[in-house]
Amino acid sequence: MFERNRVDNMVQSQQVGVPAEVALDDGTLLRGRFLMPATRPVHEVLNGPGLFLEFQTYGGETSLIAKATMRSIKLIAVPPAQQLKGGRTGGEFDPYT
């Protein structure tokens, strides 16, 4: 009985990272990613009834941020991995570009 319940709920526990820049009330700018359920769209989670969002900075620190303290959220489009591999075209390769 317990094993079946755990298997049925496995999809709900999977999370994805959504890259973003968040500006807070105090002027702080956070860069990292929101950790969200894989089964729900980003805008549904951001506009949902929850008061906090799970955020992980690029340094690896995970925290909960109150939605009321956020002034703006900029979702960042990260290029797919295959575009990053073939980026060398003579000269120096700069991974930050």
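The stops below go from the sheet to its strand pairs, and then to individual side-chain pairs.

The model is predicted, so local features are taken at pLDDT of at least 70 and side-chain atom pairs only at pLDDT 80 or more, while totals for chains, interfaces and linings use all residues. Residues are numbered from 1 along each chain as its sequence is written, and side-chain values use heavy atoms, with hydrogens and water left out.

**The sheet**

Begin with the strands, which are DSSP runs (E, at least two residues) numbered from the N terminus. Five of them form an open sheet in the order β4-β3-β2-β1-β5, with antiparallel pairing; two strands pair if DSSP finds at least two bridges between them.

**β1 and its two partners**

Next select β1 with β2: the two run antiparallel and are joined by nine bridges. Val 16 stands opposite Met 36 in β2. Four residues lie between the strands of this hairpin, where Gly 27 takes a positive phi near 95°.

**Glu 21 and its surroundings**

Select Glu 21, which is placed in strand β1. What does Glu 21 touch, not counting residues up to four places away in sequence? Contact means heavy atoms within 4.5 Å, and the residues touched are Leu 29, Leu 30, Arg 31, Ser 72, Ile 73, Lys 74 and Ile 76.

**Salt bridges**

A salt bridge is a side-chain nitrogen of Lys or Arg within 4 Å of a carboxyl oxygen of Asp or Glu. By this rule the count comes to three.

- Select Arg 31 and Glu 21: their salt bridge has its closest N and O atoms 3.2 Å apart. Arg 31 lies in strand β2 and Glu 21 in strand β1 (residues 15-24), so the pair ties together parts that are ten residues apart in sequence.
- Select Arg 71 and Asp 25: the closest N and O atoms of this salt bridge are 2.5 Å apart. Because Arg 71 lies in strand β5 (residues 70-75) and Asp 25 in the loop between β1 and β2, the pair ties together parts that are 46 residues apart in sequence.
- Select Arg 40 and Glu 44: their side chains meet in a salt bridge at 3.0 Å, N to O.

Now colour by relative accessible area (buried under 20%, exposed over 50%, partly exposed in between; 1.4 Å probe, protein chains only). Arg 71 counts as exposed at 61%, whereas Asp 25 is partly exposed at 42%. Arg 31 is partly exposed at 46%, as are Arg 40 at 35% and Glu 44 at 41%.

**The aromatic pair**

Finally, select β2 and β3, which pair in the antiparallel sense over three bridges. Phe 55 in β3 is the bridge partner of Phe 34. Rings of Phe, Tyr and Trp (its six-membered ring) pair if their centres lie within 6.5 Å, with planes under 30 degrees apart counted as stacked, over 60 as edge-to-face and the rest as tilted. A search of the whole structure finds one aromatic pair. The ring centres of Phe 34 and Phe 55 are 5.1 Å apart and the planes stand at 70°, so the pair is edge-to-face. Phe 34 lies in strand β2 (residues 29-37) and Phe 55 in strand β3 (residues 52-57), so the pair ties together parts that are 21 residues apart in sequence. Both Phe 34 and Phe 55 are buried.
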